[in-house]
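Reader: Please give me a close look at one part of this model, then lead on from there. Keep it brisk.

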Amino acid sequence: MTTTTERTVKQHPLKLFSYTTNYFWLLIIPLVRSLYSISLDVDSLRVWLMGTWMDLLVIGAILIFAWRRWEHVYVRFDDRKISVTKGKIYSTCDVIYYDTISSLSVNQTLFLKLFGACTVTVGTNAGVISRASDNISLTLRKSDADRLYARVKKSRAKSLRYSVTPNKIRLILYSFISSSTLSGTVVILAFLYETSRMFDREVEAQLIMDTLSDVVNRASVYVSPVVAGVSVVIIIGWLVSFMTNIFNYWNYSLTRCSDSLYIKSGLIERNRHILTLDKINSVDLRQNLISKLLRISSLHCDCAGYGETGRAETSVVMPIATEREVNSAVVEIFPDIPSESVYHKPKLDLKPTYQSYWMFYYAPVVLAILPLTAYFVLFALFPSWRSVIRVGLIVAEIPALWLAIVKTLAIFKTGIAVNGDFITMRYSKFYTFHTTVVPKDRIVKVIIKQTYLQSLTGNCSAVIYTASSGTSKHVITGLRLNRTLGFFEKNGVDLYFE
């Protein structure tokens, strides 16, 4: 007879700050800054208190209510389940048995590492955790997170079936290919926003401008100052994205047992994940334009809770792989999925018609017209800045040209195929090519959309919703209407028509 030892823990005190209102920081930062600027004597402190006593009362009330919420949340786990009890007067208790968990993620950012904390996300498809999401997110001490991870892992099968660790050169290549200036710029803006809330804006702005001016001045020896400035922004954005990818996927490893996947990654931020194989909703092979030309790709999966615990995290199964490696990985990791449904070119039952090719260029045309319109407006308002505006136009038109190339290739790759109990969807979304394989029983619904122009040529777009933590949407455009209706009716999928 086995005994089950239940452990009761509190969340890490850092969780207290997530229970405060968003306006908390708008109150406390000016107060701290003004307190720092006064002279250290009794009179100055008395004047400061007289001017800020109301704000101090509000901050105190916010902290008291946040502490009350934090104090009455208890996390209990044993060898079979985890339960979260919230509240004192009106108490709720959410219970999740380990065999119903889709994914368990333990993430430790650099900030959390300084305080010995981890974020634990439990993903399910049951929808019992809250009305807004199927996932539960906790901030625990690292020791408690390790114990919970060990308990869940202990409940799984131990037989090792498959293990892979990409070499470092491959990971660097993946980071190089998947990096973009846009994602790097987003990281930079997020960092600047956070620091602007902590430090004086004038000092921050001066520091940034001095640094950029120095770099631009050095680069302007070889090119014009305008081109140098734009180039510096693009290069810095790309480098930040590149280094972010390196830090996220360094030390990546995947282990498959008979019922679970175990994924670890991270150089500074430590990430661990447990995925339940039979709760993975779909497999997605992704490529951008460069990786497609090099015939390499990354393999992802849709599993509730996985890839939803951080800004930079994605649902990667294999960060980078060749065609042969992807086929091998699908056979070993997802044996129920026919390997030819993923990388081998499956015979498409539905694909775009010649009359629908123009639809693929709608987004590139719009993306090209907007900068051109802005160019004429800005030139009319600021004629003396013509050279600067022209350089800005050229830079802004590059994404439209790149997207047009992607959409041209997508014309010949888009379509839908059926292979046994699985449906393969090939399409492009923004700058990424997707090959998504999903079991028929994980398709929630299919909406057939037809615009007025499409009706003139008898074409349509199929919007396929698949099961995930919410629902995932896949749009395949340019299909022949009568063939599309017949295809989904033959495969027993419910259709909705717009």
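Author: Begin with helix H12 (residues 362-381) and helix H13 (residues 386-413), whose axes come within 8 Å and cross at roughly 175 degrees. Axes are lines fitted to C-alpha atoms, for helices over the stretch in contact; angles run from 0 to 180 degrees between N-to-C directions. H12 and H13 are therefore roughly antiparallel (over 145 degrees). Helices (H or I, at least four residues) and strands (E, at least two) are DSSP runs, numbered from the N terminus.

The model is predicted: local features need pLDDT of at least 70, side-chain atom pairs 80 or more, while totals for chains, interfaces and linings use all residues. Numbering starts from 1 along each chain as its sequence is written, and side-chain values use heavy atoms, without hydrogens or water.

H12 meets H13 through residues including Leu-367, Pro-371, Tyr-375 and Phe-379. H13 answers with Ile-389, Leu-393, Ala-400 and Lys-407, among others (contact: heavy atoms within 4.5 Å). The residues of this contact are 16 nonpolar, no polar and four charged. Nonpolar covers Ala, Val, Leu, Ile, Met, Phe, Trp, Tyr, Cys and Pro; charged covers Asp, Glu, Lys and Arg; the others, Gly among them, are polar.

Next, the sheet. Four strands form an open antiparallel sheet, ordered E1-E2-E3-E4 (strands pair if DSSP finds at least two bridges between them). E1 (7-9) and E4 (92-97) are the edges; each has a single partner strand, so one side of each lacks a neighbour in the sheet. The twist averages 15 degrees from one strand to the next. Three bridges join E1 to E2 (residues 73-77). Arg-7 stands opposite Phe-77 in E2.

Helix H5 (residues 142-154) lies across E1, E2 and E3 (81-86), at about 40 degrees to E2. Arg-151 and Asp-79 form a salt bridge at 3.6 Å, N to O (Lys or Arg side-chain nitrogen within 4 Å of an Asp or Glu carboxyl oxygen). Arg-151 lies in H5 and Asp-79 in the loop between E2 and E3, so the pair ties together parts 72 residues apart in sequence. Arg-151 is buried at 19% relative accessible area; Asp-79 is partly exposed at 23%. Buried means under 20%, exposed over 50%, partly exposed in between (1.4 Å probe, protein chains only).

Lys-81 and Asp-78 also form a salt bridge, at 2.9 Å, N to O. Lys-81 is buried at 18%, and Asp-78 is buried at 4%.

Shared partners join Arg-7, Asp-144 and Arg-147 into one salt-bridge network.

Key
Angles under 35 degrees count as roughly parallel, over 145 as roughly antiparallel, 65 to 115 as roughly perpendicular and the rest as oblique.
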